[in-house]
Amino acid sequence: MTQTASSTSTGRTFLLEPATALSGTVRVPGDKSMSHRSIMFGGIAHGVTEVQGFLEGEDSLHTLEAFQAMGVRIERGGAGEVTLYGQGVEALSAPTAPIYLGNSGTGMRLLTGLLAGMNIPATLTGDDSLTGRPMRRIVDPLSRMGASILTADNGTPPLIIQKAGSLNGIEYTCPMASAQVKSAVLLAGLHASGTTTVHEPAITRDHTERMLRGFGVEVEVDGLTASIRGGQSLTATSLTVPGDISSSAFFLVGASMTPGSKLVLTGVGMNPSRTGVIDILRLMGANIRISNERLTGGEPVADLEVEGTRLKGIHVPEELVSLAIDEFPALFVAAAAAEGETIVTGAEELRVKETDRIQVMADGLRALGGDISDTPDGAIIRGKRLTGGTADSCGDHRTAMSFSMASLICDGPITVLDCDNVNTSFPGFVQIAGDAGLHITESRGAAGA
Ligand code: S3P
């Protein structure tokens, strides 16, 4: 896969002086996966949906704008408050211009399934990263349902969804563990004839299934199989989006790996299909205490208290990979801090994220003085103190924030290049990370060029 802009970037650069520990209380922004879905489902529901805790990051805002472009009235109130005045699927109009989804694979893949099912023609496009990402993984099953979707020659965006009549439900066995593929097929199935069933090879996040139920849709789940009956309509609801465990992960790692750290993360989404990062850090010896567990809108939420310690290397159990898929960039930094060797296998999906995250993390950690060998499906990381230097995030939000946390285990300063996309998932990261103990500033232009 081609990378986005690299060392030639003139965008946002993070500058970090070595730091020793994280402390205090952190509340991270709303969950990105749930924020996308709240707009998609509120946008096609009947009635007024009120969303609290919506992530006002670029990715989920692109989804919001897409629904506005299709005629849905959406109002934004104070921080994280969104009101959608849904009038059902029938009220949506085909967009008159291509829909730009920025950096967001979730936005593109889920919207494609939804629009194909509703038989709404549209062209979907995105930034350099998104237009290099594989889309056959959704186009193939959707075509089997009767959809007509064109891609570029190599199966990448733009995606052109053509009018194709109504779809037929299918039974689909997903070749890779992907909540986006599962969701695209289920959302197409929502408006297809008969029942649509998806079998998965491993557990992936189930926000689609849970949130659809909140909107009154029947979704059957049996182990790794989810089914939806076509022809169901959504009834508006109110929902609160919890803090994003994927955004919390940088702080969980930063605090876990530094003796002297004492950090509390409040209101973190604890959906069991997302908590692999806690399990993996605990296997490495981390002290993470879960408290104040509660349920919000069908999703578990808790506060997390972390006390820093010296982590130890492990072979990450493969069954935890899909439960922590977005947290590996941060976990690679935890591994760089740990005593001994950490081995990651079965994580080849990391190569088709916003960047090839195995490559970008391996190159960046090596540039900072780390000892890491990349493998086709993971990496072998030998813990050692880092020296500092320049790491290129290659425009990937999660690698940029992970390299920032490396300043906690580093003797010299770190420069992280190409950090604009941190705003896709974590607006306010620099402020929050600085308050928690990182010595982080940012600059634009020359310093990062
Ligand atoms: C997501 C699913 C995951 C994840 C992404 C969000 C979702 O992608 O990496 O950040 O909201 O469904 P895959 O389904 O491609 O693994």
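Reply: Let's begin with a charge and a ring: the charged end of Arg73 sits over the ring of Tyr85, 3.8 Å from its centre. Here that wording asks for CZ of Arg (or NZ of Lys) within 6 Å of the ring centre and within 35 degrees of the ring normal. Do keep in mind that this is a predicted model, with local features needing pLDDT of at least 70 and side-chain atom pairs pLDDT 80 or more, while totals for chains, interfaces and linings use all residues. Residues are numbered from 1 along each chain as its sequence is written, and side-chain values use heavy atoms, with hydrogens and water left out.

Now for rings with rings. The whole structure holds 6 aromatic pairs, counted when ring centres of Phe, Tyr or Trp (its six-membered ring) lie within 6.5 Å; planes under 30 degrees apart are stacked, over 60 edge-to-face, and the rest tilted. One of them joins Phe250 and Phe429 edge-to-face, at 6.5 Å centre to centre and with 75 degrees between the planes. This pair ties together distant parts of the chain, since Phe250 belongs to helix H7 (residues 245–256) and Phe429 to helix H13 (residues 429–436), 179 residues apart. Helices are DSSP runs of H or I, at least four residues long, numbered from the N terminus. Both rings also take part in a cluster, in which ring pairs link Phe14, Phe250, Phe251, Phe426 and Phe429.

How hidden are the two partners? Phe250 has 1% relative accessibility, so it counts as buried, and Phe429 counts as buried because its value is 0%. Buried means under 20% relative accessible area, exposed over 50% and partly exposed in between, with a 1.4 Å probe and protein chains only.

Follow Phe429 along H13 and you find Val430, Ala433 and Ala436 buried as well. These four cover an arc of only 135 degrees around the axis, so they lie on the same side of H13; the arc is taken from the directions from the helix axis to the C-beta atoms. The other side of H13 has Gln431 and Asp435, which are exposed. Just after the helix, Gly437 takes a positive phi of about 135 degrees.

Methods: Helices (H or I, at least four residues) and strands (E, at least two) are DSSP runs, numbered from the N terminus.
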